[in-house]
Structures are given as structure tokens and as C-alpha cells.
Amino acid sequence: MSNEKGIYSSEYHDQRDDNGLPAAGETPVKMSAGRYLATRLSTLKPPMDKVENPISLLSSLTLKNWLMFLCAFLAWTWDAFDFFTVSLTVKGLSASFGVSTKDITWGITLVLMFRSVGAITFGIASDRYGRRWPFVVNNILFIVLELGTGFCRTYKQFLACRALFGIAMGGLYGNVAATALEDVPEKARGIVSGMLQQGYAFGYLLAAAFARGLVDTTPHGWRPLYWFAACPPILFIAFRLCLPETDAYIERQRIRAAGDNVGKTFVKEGKVALKRHWLLLVYLVLLMAGFNFMSHGSQDLYPTMLTNQYNFSANAVTVTQVVANLGAMIGGTTIGYLSQMFGRRFSIICISILGGALLYPYGFTGSKAVIAAAFFEQFCVQGAWGVIPIHLMELSPGSFRTFVVGTSYQLGNLVSSASSTIEATIGQRFPLPAKHEGKTTVLRYRYGIVIAIFMGCVYAYVILLTFLGPEYKNRSFGIANDEDLQEATGHEAMEAVHGLRSPSKTDDISRA
């Protein structure tokens, strides 16, 4: 989006509006800040690219594409499973360690806080050494730390395990996005992006199901859920070791190897990327903060609203949550698919407007009919999210794709980690008559209006930021037109690897 000469925008070579301004599209070009802002409305026009039916698109994936996607999807699903194990066992954990429920939720907060450390560490490692081995190390940490949590005997041990777990969890998102999407045919990127993102909702459903079957069904209480959670990553490691690196990474590594030192070239790429794209990196963090506020703001306090304000039973809450997550999975896949036709920004803005319109039934329906509202609201929330993996991939500098995708996502998550606290604080301004459960007095609040106010602001923020941001739809992930890599390595190395000319013995490629 920015460099020392101006602002990066995007355009289709064959598509311009009546004023000659660039339409939405793929190729970054430099322009002044004023001209960039002037193109925000014109570039929002849907490109209306011809999109095949979903079955045809999915059939265009090769066996390698499918295996890479499946491995990434399973790992991302289990990342969510591992995260939700704490939320689903708060009562048992507090009883075992002799602390309050609030103290246990610090375990969730620590995971969110340390995710950024993992995103930076594993993101850089994945861009430098490939997607495979950082993925393997990630999952080894999942195994060790989930087992460790299951054997914790004190509250301090529990917090230590969850803090380290946050580092492992933070390192996975950028890696799985690159693994699943880098080599996918351009026309199938949207639908595959939507499918990948919904691994998170699927992970929640699996965690809820296994918690019902494993928690408090043996003398070990909550611990079997964590012991079980440590097992599937063994299979993911074996699966990933059987797969190669992505073609895009292999191609980029060949260019680096053509220079005098791969490590020095990588560092030089980082300097070039930071110099040319620092403003874009800031934008992506701000955008992901909005998206994470969107998901946390619509989900974290919702079960509390159903029980506290509308007196739903535990089973009714579970059913509503399951239906909402089904809506999320369908929405993410559907809007991800449609973004290939309508563009990334247009799709996000439209589904966010629809989500805002559904806030009233989502927060103000006190009967079982709220199930329908929950389904469609999460359809919209995760519909917008379904565009995110491929949108971030297309916006990110090629040399640091894993790092940028993972770090922007996790820093945004860190910013939004206070969502439930903010909503709970606002909720105190809207009290309801207290209810009595035996000798206990339960304070009640109108959380529905709180969620509506909070989410209305979040939707407006996401719409505004998406409108102002760039879009590089269908941007090539190859290195042929990668100006960052050319600047870092020199044209000689690029030409030598691609066979544009044969390097002689006297070529001084070390200039790269």
C-alpha cells in the first residue's frame, strides 16, 4: 500500500472506469495518496469475474492441492479444538486448582497475549526454512503442552502451560494459510479460503462434542479431554512429513540460492519488504483487529446473554451455539466463493451491512426463534471471515507471506482480547431485575442491547477500513513479477534461475 514514492493501489489491465481510474484488481501500482483515495469508490465496483460452479472449481484442484489443504484444515481445526478446551472446562479447572472462574479465564487471556510471539517466531521460520518443519514443531508443542495441561497439579503450572501454548497456537495460522492456498488455482482461491477459515468453527463443534463425552465421565474429571487433544497432532505430523513444500516456496528458495548466501538474501528481502510495505502492514493489523472484535463481540458474551437475560437452559444454549456455528461454516464457504466473482472488498462490505441489519433479532429475541437469528448472524460474521485468508495472502509481500498473515491476525486478536470485558462493563449500564437461585442472588443485565451497540460500532469500523484498503485479487503468488525479490536479489539471479539467459562463470551474482 505504501512505499517511499507513494501509495500502492490495484488495477485490472483491461478494466477501467469512465474517468480512467483503475478498477478493482490485482496489479499493484504506485500513485499519490490523493489519487489513491479518489479511487476507493471506483475500485469497489465488482469485477464480475466468471466463476464456475463449486464442484467444477473444487475438481480443478490437483491431488497435491487437496492433500495440502486437508492437512492445513485439520491442523487449523485442532488449533480451535485446543483453544476451546479451557472454555469448556472452566468449572472443573477452578475446582481442581481451588481458584475462581475469573482466575481460570486468565489461561484464555494468556493464550491470546502470547499468540503474537508465536506468529512472529514461526512466521519468520516458515518464510525462511519452509512450511513443513515449522508446522511439525508447532504440532509437537501442541502435543507436549496439551499433555502438560492435563497433568497440571497447581494453578501456576496451568498458567505456564497455557502461556507457552499461546506461542504454539499463534504460529499456526499463517503457516496453514500458505500451505493450503499458495498453489491453489486462482479461480478456486475464494472457495478454498472460505473452507479453510471454517475449520475454526468446526473445531469448536468437535470440542463441544468431545467435552460432553470425556469431561466428568471418568474419575479424572476434566483431564481426559486434554489427554485426548494431544493425540491427533501426531497424525498431522506424519501427514505433513509425507507432503512436499509448496511450489511457490520452492521457486522462491531457488532464487535465494542463486545468490551468495540464502540467509543474507532473506534478511535483505525483509529490509525491502519493511521499506516498501510498512504502511500496508499497519493497515492489516488494524483490519484484523476489527475482524477479531467482530467474532469475539458477537460470540463471547452471547451464551451469557441467553442464560442471564433470557433464562435459556444449558441444553438450549448448546443447541443455539451449534446452529450458530453451522451457519458460520456455511457462510464462510459461501461468501469466500462469491468473493471470486464480486471481489474481496465488495464481499466483505456487503455481508457486514447485512450482519448489521440482523443485530436486532440477534440480540432482542428472547424465544427459541433466536436460533434462526444466531444462524444468520454468524453466517454474516464468518462469511466476512471466509474472505480473509486469501485476502491477506494476496495483500502480503511474497517473501514474508506467512509472517505477515499470521502476525497481523494475531496482533488483531491481541487488540480484541478485551471484547468480553468491554461488553460486560457496558452491560452494567443496562440492569434488569435480579433473580434468585436458592440462596444466591444473580444480577441480570440487558446484554442484547450491549451486543447490538458494540457490534454496530465494529461493523462500521470494518466497513470503513475495508473501503479504504487495497485489494490485489488474483495476484500471482509466483516470483516472476515480484519486485521486492528482484530488488533484494538482483535481476541477474532472477534471470539465471528462470533461464532468461545462461549465467557465465564470470557473472557476479554475489551482488544480490
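This is a predicted model: local features need pLDDT of at least 70, side-chain atom pairs count only at pLDDT 80 or more; totals for chains, interfaces and linings use all residues.
Residues are numbered from 1 along each chain as its sequence is written, and side-chain values use heavy atoms, with hydrogens and water left out.

The protein holds 24 helices and four strands, these elements being DSSP runs (H or I of at least four residues for helices, E of at least two for strands) numbered from the N terminus. Of its 512 residues, 56% are buried, where buried means under 20% relative accessible area, exposed means over 50%, and partly exposed lies in between, with a 1.4 Å probe and protein chains only. Among the contacts in the protein with a separation of 6 or more, 79% join residues 24 or more positions apart, a contact being heavy atoms within 4.5 Å.

One cavity of 30 Å³ or more is present in the structure, and the volume of the largest cavity is about 30 Å³. A cavity is here a set of points, on a 1 Å grid over the protein atoms alone, where a 1.4 Å probe fits but cannot get out, and its lining residues have an atom within 4 Å of a point. Grid points are joined across faces, edges and corners, and the volume is the space filled by probe spheres set on the points. The lining consists of Asp127, Arg131, Tyr249, Arg252, Arg256, Gly398 and Ser399. By class, this lining has four charged, two polar and one nonpolar residues, with Asp, Glu, Lys and Arg counted as charged, Ala, Val, Leu, Ile, Met, Phe, Trp, Tyr, Cys and Pro as nonpolar, and the others, Gly among them, as polar.

Helix α13 (residues 247-257) gives the most to this lining, with three residues. The buried residues of α13 are Ala248, Tyr249, Arg252, Ile255 and Arg256. These residues lie on the same side of α13 because they cover an arc of only 120° around the axis, the arc being that of the directions from the helix axis to the C-beta atoms.

In helix α4 (residues 90-97), the buried residues are Val90, Leu93, Ser94 and Phe97. They are placed on the same side of α4 because their arc around the axis is only 95°, whereas Lys91 and Ala95 are exposed on the other side of α4. The cover over the buried residues of α4 includes α3 (63-87), α5 (101-129), α7 (155-170) and α11 (223-229). Just after α4, Gly98 takes a positive phi of about 65°.

A polar atom of the Thr149 side chain lies 2.8 Å from the backbone oxygen of Leu145. Apart from neighbours within four places in sequence, Thr149 is in contact with Phe158, Cys161, Arg162, Trp222, Arg223 and Tyr226. Ser352, located in helix α17 (residues 344-357), counts as buried because its relative accessibility is 1%. The side chain of Ser352 reaches the backbone oxygen of Ile348 at 2.8 Å, and, when residues up to four places away in sequence are not counted, Ser352 touches Met294, Ala384, Tyr459, Val462 and Ile463.

The loop between α15 (302-309) and α16 (314-342) contains Phe312, which counts as buried because its relative accessibility is 12%. Phe312 and Lys368 are 56 residues apart in sequence, yet their C-alpha atoms are 8.8 Å apart in space. With neighbours within four places in sequence left aside, the residues in contact with Phe312 are Leu306, Thr307, Val317, Thr320, Gly366, Ser367, Lys368 and Val370.

Most residues other than glycine have a negative phi. Asn311, found in the loop between α15 and α16, is not a glycine but has a positive phi near 60°, and Asn311 is partly exposed, with a relative accessible area of 47%. Asp216, in the loop between α10 (199-214) and α11, likewise has a positive phi, of about 60°, although it is not a glycine. At 61% relative accessibility, Asp216 counts as exposed.

Key
On a 1 Å grid over the protein atoms alone, a cavity is a set of points where a 1.4 Å probe fits but cannot get out, and a pocket is an open set with protein on both sides within 12 Å along at least five of seven lines; lining residues have an atom within 4 Å of a point. A polar contact is a pair of N or O atoms within 3.5 Å; within protein, one must be able to donate a hydrogen and the other to accept it, and residues adjacent in sequence count only if both atoms are side-chain atoms.
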